[in-house]
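Reader: I have a model open and would like to go through it with you. Shall we take a look together?

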Amino acid sequence: MSKTKAYSAASATSPLAPDTIQRRETTERDVQIEILYCGICHSDLHTVRDEWSSFMPTTFPCVPGHEIVGRVVKVGSGVTGFKPGDVVGVGCLVDSDHSCPSCRADVEQFCPAATFTYNSPDKHQGGVTYGGYSESIVVDESFVLRVPSNLDPAAAAPLLCAGITTYSPIRRWGEIRGKKVGVVGLGGLGHMGVKFARAFGAHVVVFTTSPSKKEDALRLGAHEVVVSTDAEQMQAHAGSFDFILDTISADHDINVYLGMLGLDGNVTLVGAPEKPLAVSAFALIFGRKSLSGSLIGGIKETQEMLDFCGKHNIISDVEVIPIQKVNEAYERLVKSDVKYRFSIDMASLKN
Ligand SMILES: [Zn+2]
Ligand SMILES: [Zn+2]
């Protein structure tokens with residue numbers, strides 16, 4: 001076991017504060033990683049504040065963070081894919097049972113025994129897993145990802161959650177080149193959705209409630225921006241979309257977006273509003289439309305996404321902060337006051 005500096009929350013109402021945690025010694029399958037950057041995902045905040053207590057209660061102390069980019073410092077004797085010095089990533093998953101139907105289908109995120117990067121039972125050490133707001137992490141080789149060397153590591157970190165969350169449904173939709181794709185919401189997820197949809201050759205339209213985001217949406221790759229509170233603008237696009245990626249986690253009327261779809265169109269949810277959505281059957285049956293959801297991606301697909309980002313030079317737009325500013329960053333995140341993801345420089349943990 002090795003002592004590792006981290007930032008943890010002691011309770012649902014405590015701010016994140018310096019702490020020391022234990023990381024296991026590398027087993028033969030393990031990779032030990034010095035963490036360089038860790039993105040701040042909205043899930044970190046929900047978990048630290050125990051806002052998902054009804055289905056995923058938080059065990060305290062909690063060390064969040066699942067958008068990790070770091071450098072390999074040590075590998076176990078059986079590790080074949082990585083060596084010290086490699087720049088690697090770790091996302092939302094650090095282990096699974098490797099054998100269930102989901103694991104065999106390369107969708108480990110749906111494994112009933114999946115070990116999430118934080119707040120998940122830790123089968124090596126007992127207690128729960130601790131995430132990326134720390135100096136280092138030890139992870140089974142099969143859950144470690146290669147980060148292309150041309151990508152800025154600070155801006156690559158959010159690819160490990162926000163990136164794969166948006167890449168996976170767009171990729172799975174099918175041949176999207178030339179199709180009309182909507183992205184609802186321009187935050188951490190939405191800004192990545194725009195970049196991916198554009199890179200795949202779609203005609204990209206951003207739906208936003210803030211007219212002030214128009215310039216930014218176009219800069220990020222959107223062809224058009226629709227202010228969703230403007231009925232006339234919305235009417236002009238009704239019935240014309242092939243696919244809409246809905247990244248909103250606040251309450252909103254999903255029927256409005258189903259109405260934007262053309263024949264056989266699909267709305268995929270990647271945001272998670274707290275209350276159940278009201279869905280009009282008519283909005284679905286007229287036009288044979290569908291509504292579905294998507295959750296991150298498996299390890300194989302996450303590697304494919306990173307390689308795609310390397311090839312197309314896709315990174316997240318980040319604001320790099322020292323760990324000492326993490327509580328302030330959470331306050332700003334609640335107000336969506338970040339363009340578009342915070343990335344924590346873990347060298348600051350040494351201060
Ligand atoms: Zn996340
Ligand atoms: Zn499994």
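Reader: Is K74 buried, partly exposed or exposed, and what is its relative accessible area?

Author: Happy to start there, with a word on the basis. This is a predicted model, in which local features need pLDDT of at least 70 and side-chain atom pairs count only at pLDDT 80 or more, while totals for chains, interfaces and linings use all residues. Residues are numbered from 1 along each chain as its sequence is written, chains are lettered from A and ligands numbered from 1 in the order in which they are written, and side-chain values use heavy atoms, with hydrogens and water left out. Buried means under 20% relative accessible area, exposed over 50%, and partly exposed in between (1.4 Å probe, protein chains only), so K74 is partly exposed, at 36%.

Reader: Which residue forms a salt bridge with K74?

Author: A salt bridge here is a side-chain nitrogen of Lys or Arg within 4 Å of a carboxyl oxygen of Asp or Glu. For K74 the closest N and O atoms are 3.9 Å apart, and the partner is E25.

Reader: How many residues apart are E25 and K74?

Author: E25 sits in the loop between strand 2 (16-23) and strand 3 (30-39), and K74 in strand 4 (residues 68-75). Those strands are DSSP runs (E, at least two residues; helices are H or I, at least four), numbered from the N terminus. The pair thus links distant parts of the chain, 49 residues apart.

Reader: Which residue pairs with D30, and is that partner buried or exposed?

Author: D30 forms a salt bridge, with the closest N and O atoms 2.8 Å apart, to R24. Both D30 and R24 are buried.

Reader: How are helix 4 and helix 5 oriented to each other?

Author: Helix 4 (residues 162-173) and helix 5 (residues 188-199) pack with their axes 8 Å apart, at an angle of about 45 degrees. Axes are lines fitted to C-alpha atoms, for helices over the stretch in contact, and angles run from 0 to 180 degrees between N-to-C directions. Angles under 35 degrees count as roughly parallel, over 145 as roughly antiparallel, 65 to 115 as roughly perpendicular and the rest as oblique. Helix 4 and helix 5 are therefore oblique.

Reader: Is F282 buried or exposed?

Author: F282 lies in helix 9 (residues 281-285). Its relative accessibility is 58%, so F282 counts as exposed.

Reader: How many salt bridges does the structure hold?

Author: Two of them have come up already, those of E25 with K74 and D30 with R24. Another joins E34 to R71. The count for the structure is 19.
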